[in-house]
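Student: Could we walk through this structure together, one question at a time?
Tutor: Gladly! Have a look at it first, and then ask away.

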Amino acid sequence: MSPRKQLDPPQQQADTGLKFQLETFNSQAMGTVRQYGVILPPNYQKNLQTRYPVIFLLHGGHDDARAYADKYAIMSVLNELYKSGKLPPSIIITPDGNDNRGSSPLYDPDYYDGPNGKIGTLIGSELVQVVKSRYRTLDQPKFWALGGLSSGGWGAFNIGLRYLNNFNILFSHSGYFTDDSGAKNSPLQIVKQLSIADKKRLRVYLDAGLNDSNLLGSTKAFHQVLEELNIANVFYAFPGGHGLSGADIGWNYFHKHLKDSLSYVGEQFKTSQK
């Protein structure tokens, strides 16, 4: 669920000094070569002894590994947060979450291991190992975050809750928490089955647009379950949501509120660094 063309997209700053790079790796889970995007932190090539936290960003429907750079002006968001100190310099990874069906406006990606491919294993396990082998990462899961927008928000929790040994911080923008593929792909159900230790280390950021009444309802219900389970979380309902034009609509909504989620992620990283 993501518009194909925004009429008034957010503008990417020209001089962030950050670079988006498309990379490939050979995926055993999917039996093919796969892509991911990476944005390395400022001075990565200079500070050769420094290790960094990692953030995976999952795209929505009819999108790919380039979406955050091409549509949501992620470099401007990162530049602003790095400069204000709200997010410590991090390694940003944007996986291609499409399954064997490819990308289509008619359906969302299957962010799980199913008949259309093992996307859950690809993102939750395999790509984590690739990133650890290629970049100077901080390896503890408290320094790894996984989030997404729309169906990518659902995917972040559907995958992340199964891989808390890899990711302790999860976030969703106008996503949902149950899927029509059934209870086995329902973060709402999975979260209730977590061990006490897992519930303790989980950190959650949630938002949803007031225009997206179904997604807002799903997000609110998930937030209430987290409250009942005493899982650390924040939840916001913001103006706007999905759509094709408007200051709080579509790509603009996600651009604007990535600042909120990534600031939350930054707080968690800073607490862990202390």
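Student: Where is Asp-63 placed, between which two elements?
Tutor: Keep in mind that this is a predicted model. Follow the chain out of strand S3, which covers residues 54-58, towards helix H1 at 67-70. Asp-63 is in the loop between S3 and H1.

Student: Does Asp-63 count as buried or exposed?
Tutor: The cut-off for buried is under 20% relative accessible area. Asp-63 has a relative accessibility of 4%, so it counts as buried.

Student: Which side chain does Asp-63 join in a polar contact?
Tutor: Asp-63 sits in a loop, and its side chain has a polar partner. The contact is 3.0 Å, and the partner is Tyr-72.

Student: Why is S3 described as largely enclosed by the rest of the structure?
Tutor: In general, side chains in a regular strand alternate between the two faces of the sheet. In S3, Val-54, Phe-56 and Leu-58 are on one side, with Ile-55 and Leu-57 on the other, and both sides are covered. S3 is largely enclosed because the number of its residues that are buried is 5 of the 5.

Student: Where is the kink in H8 centred?
Tutor: H8 runs over residues 251-273 and reaches 32 Å from its first C-alpha to its last, close to the 33 Å expected. Even so, the helix has a kink of about 30 degrees, centred on His-257.

Student: Asn-43 and Asn-230 have positive phi values; which one counts as exposed?
Tutor: Most residues other than glycine have a negative phi. Asn-43, in the loop between S2 and S3, has phi near 65 degrees and is partly exposed at 42%. In the loop between H7 and S10, the residue with phi of about 60 degrees has 69% relative accessibility, so the exposed one is Asn-230.

Note on methods. Residues numbered from 1 in each chain as written. Predicted model: local features only at pLDDT ≥ 70, side-chain atom pairs only at ≥ 80, totals over all residues. Heavy atoms only, no water. Helix = DSSP H or I, 4+ residues; strand = E, 2+ residues; numbered from the N terminus. Expected span 1.5 Å × (residues − 1). Bend = angle between axes of the 7 residues up to and from the residue. Buried < 20%, exposed > 50% of the residue type's maximum accessible area, 1.4 Å probe, protein only. Polar contact = N/O pair within 3.5 Å; in protein donor to acceptor, adjacent residues only side chain to side chain.
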